[in-house]
Each structure stands twice: as structure tokens, then as C-alpha cells.
Amino acid sequence: MNQQHLPEKKALNWAELGFQYQSTEYRFRAVHRNGEWSEGELITDKMISVHEGAPALHYAQQCFEGLKAQTAPDGRVLLFRPDLNAERMRQAAGRLLMPHVPEELFIKGVESAVRANYAWIPPHGSGAALYIRPMLIGVGENLGLKTAKEFEFRVFVSPVGPYYKSAGLATISLAVSDLDRAAPAGTGNYKIGANYAGGLLATRQAQELGANEALFLDARERRYIDEAGSANIVVAMTGGRFVTPGSSAVLPSVTRRSIMALAEQELGLKTEQRGIDLRGEIADFEEVAACGTAAVISPVGKILVDGNWHSFYGNGEEPGPITQKLYELLVGIQRGEIADKYHWTHEVSI
Ligand SMILES: *Cc1c(COP(=O)(O)O)cnc(C)c1O
């Protein structure tokens, strides 16, 4: 990397960024036609022109991913486990009868979009990151319920700040929803658009009750924790146990899988992936956190269950020590501040 030739960073107030779309210059696009992927290219047009019959629009034949690029103290640009995003998109494509995006094309698309928008990558220490949104959509002329004949794989990027407004490790609150997010053998474990529009009302209802987000229980018994609208749940329980739901209906979060490994390997906690009976076990919850690329690890201070608020560590006003430690470890690795002994980071050559 030759510092002299790097484009100058945009004059953004990085520390003030929220989690919002910010247009950048380039996006990557490849198309699948007649059974073949095009090589893919960088383009500047942020609009996508699709046929009015496109299956992505009518039948939600589409999936997406979300990951971040961050700047290390030495200026390297790091992705976090992008191979897992490529694999998850492959699974989603298979579930929706879409052609899979080969891992090499996925990584090429992500790296090209990041590199081309170098000026928009938040500098180290700003607290912000470059959010990367790969997507695969079924396009082309269609009317009946059948799979699209053409597909577009697109990757755009946007610099973002924290998902929840208050910076740092501010606590959030959840309200148990009466609505179901995903059925046990449905599509809840795939990152596909079809799972999300139905959750907008649940989020609104949770917010009307004074919470940040809805907490979904399993759809069969309304008893076990599934997840929040866009984040998995982890719970530190009495007796040094660190637990996450074993539900088949939750999205297999890359962040959560990494946190579980850190909890076990670095903090020596006994980790378990199993059904968590919310009402039956809530008295044993010491710390609760929501996790995901966007949410990172957000401590959950309290949960509204059947009209009663239950609060956790420190009366729900501050993060507990386990959440705090996991946040520091995870973010430290992602930002290249601490040794990456798990080989989770992936450098983008600039
Ligand atoms: C994206 C997402 C997550 C978080 O997954 P990461 O891979 O950690 O970003 C959790 N739950 C849902 C429903 C999601 O869409």
C-alpha cells in the first residue's frame, strides 16, 4: 500500500454518522443470464431498472448480506469473516431456487466495492465503519409464481455509525412480540427479504411500548427465545453459563458465532446452544445482549414480558462485565487492534 497514492478521505463528520444510507460513488454488479454469471463490473448508477414483472418485487425472490470493513491502526482495511457471508448467501440462494454466487465472485464484488470507495471508509478511531450490502435479486419478465430467468448480484457500501443512536455500549430494551417472525421449518434461518417486512409492525409495536426492538419467541409454543428483528440473542446466566437459542428459525449470525467462540475460549464460560424458556429462566439471566453486524453487541438492559419489565445487570442501565469484555474482544479483533489468532479478519488490498 503506497500512502501517497491513496485517494483523500471524504470530509464527513465520521463520529456523528448514524445507521443510514449514504451514497458512495461505486457499486459492483454482475448478472446471471442463460445459466452463466457475467464477470461483474463497477458502476456508478445507484438505481436498478427492473422489469415490472420481476419475481424479486412480487414474490420476494431475493436475499442479501451485511458485513463491515474497518480501518486498522496501521491503515489496513479489514473485513470480518466474509467467507461466512458468502456461504450464508449460497444457502439462501439454494432455498429460493436462485443460482448461487460463487465465493470468488462474492469476495470480488465485496472487495471491488470497498476498494473503489476507499475515500468513504471511516478512519481508524472514528467509531464508524463501512457497511457492505451484497444482494441477489430475481429480475426479468415474469408473471406466474415461478423462479426468475435472470438475476442480479449487486454490492453497495455506505459509511455508518452505531445502529442504536447513543454511541458506545448503551443499553437497549426489548418487548416480547405477539407476532411471529418465522416458522420452525420456514425461512427464518436465511437472510431473505421475505422475513423482514412482516417484522416492521412488530418493531413499531415494541417502540410504542417504550422498547427499542421486538423480541420474537418461537412460533410453535411462544415460549423459547428466537431473536430480535435483526439481531441474535445471547444470555449470560447464573453459574457461568453463556447461552444462545438453539432454534432452527433464527438467522445464523456471524457475530453471534464469533461471540460464542470468544466466550468459551477467552472467557472460559460454559457455552450452550439450546432452547431458552423465557418465562421459566428469566430469573437466571444475569446479562442479555443482542448481536449482529449492525448492532455489534448491544447490552439488553430490560425486557417487557406479559406487561412486566424485567431488568438485568445494574438495574438495566449499564452493560455487565461479560458483555463489556466480549465487546472489547470482538471489536478489537475486527479493527485490527488485537492479535487475530482465529484468522477472522480478511485484508482488502487497496
Ligand atoms: C443479519 C441478521 C442478524 C445478524 O447476523 P450477522 O451475521 O451477525 O450480521 C441477526 N438476525 C437477523 C434476523 C439478521 O437479519
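An oxygen atom of the ligand lies 2.6 Å from an N or O atom in the side chain of Thr-255. The protein covers 96% of the 380 Å² of accessible area that the ligand has on its own. The model in which these values were computed is a predicted one.

Two further side chains bring polar atoms to the ligand. Lys-191 places a polar side-chain atom 2.7 Å from a ligand oxygen atom, whereas Glu-227 places a polar side-chain atom 2.6 Å from a ligand nitrogen atom.

## The ligand shell and its pocket

The ligand is surrounded by 15 residues. Lys-191 and Thr-255, whose polar contacts are given above, are among the closest of these residues, together with Tyr-196, Ser-253 and Thr-293. Divided by class, the shell consists of 7 polar, 4 charged and 4 nonpolar residues.

The ligand takes up the space of the largest pocket.

## The largest cavity

A search of the whole structure finds 2 cavities of 30 Å³ or more. The largest cavity has a volume of about 60 Å³. It is lined by 13 residues, of which Val-288, Val-300, Tyr-313, Glu-318 and Gly-320 are the closest to its centre.

Two strands each supply at least two residues of this lining: strand 15, spanning 285-292, and strand 16, spanning 296-305. Strand 16 provides the largest share, with 3 residues. The lining of the largest cavity comprises 6 nonpolar, 5 polar and 2 charged residues.

## The second largest cavity

The second largest cavity has a volume of about 50 Å³. Its lining includes Val-234, Val-235, Ala-236 and Phe-242, as well as Ile-259 and Glu-287. Val-288, Ala-289, Ile-297, Ile-322, Thr-323 and Leu-326 also line this cavity. Strand 12 (232-237), strand 15 and helix 7 (321-334) are the elements that give two or more residues to the lining of the second largest cavity.

By class, this lining has 10 nonpolar residues, 1 polar residue and 1 charged residue.

Methods:
Residues numbered from 1 in each chain as written. Predicted model: local features only at pLDDT ≥ 70, side-chain atom pairs only at ≥ 80, totals over all residues. Heavy atoms only, no water. Near = heavy atom within 4 Å. Polar contact = N/O pair within 3.5 Å; in protein donor to acceptor, adjacent residues only side chain to side chain. Areas by Shrake-Rupley, 256 points an atom, 1.4 Å probe, with all protein chains shown as cover. 1 Å grid on protein atoms, 1.4 Å probe; cavity = no way out; pocket = protein on both sides within 12 Å on 5 of 7 lines; lining within 4 Å. Sits in = over half its atoms within 2 Å of the grid points. Nonpolar A, V, L, I, M, F, W, Y, C, P; charged D, E, K, R; others polar. Points joined across faces, edges and corners; volume = space filled by probe spheres on them. Helix = DSSP H or I, 4+ residues; strand = E, 2+ residues; numbered from the N terminus.
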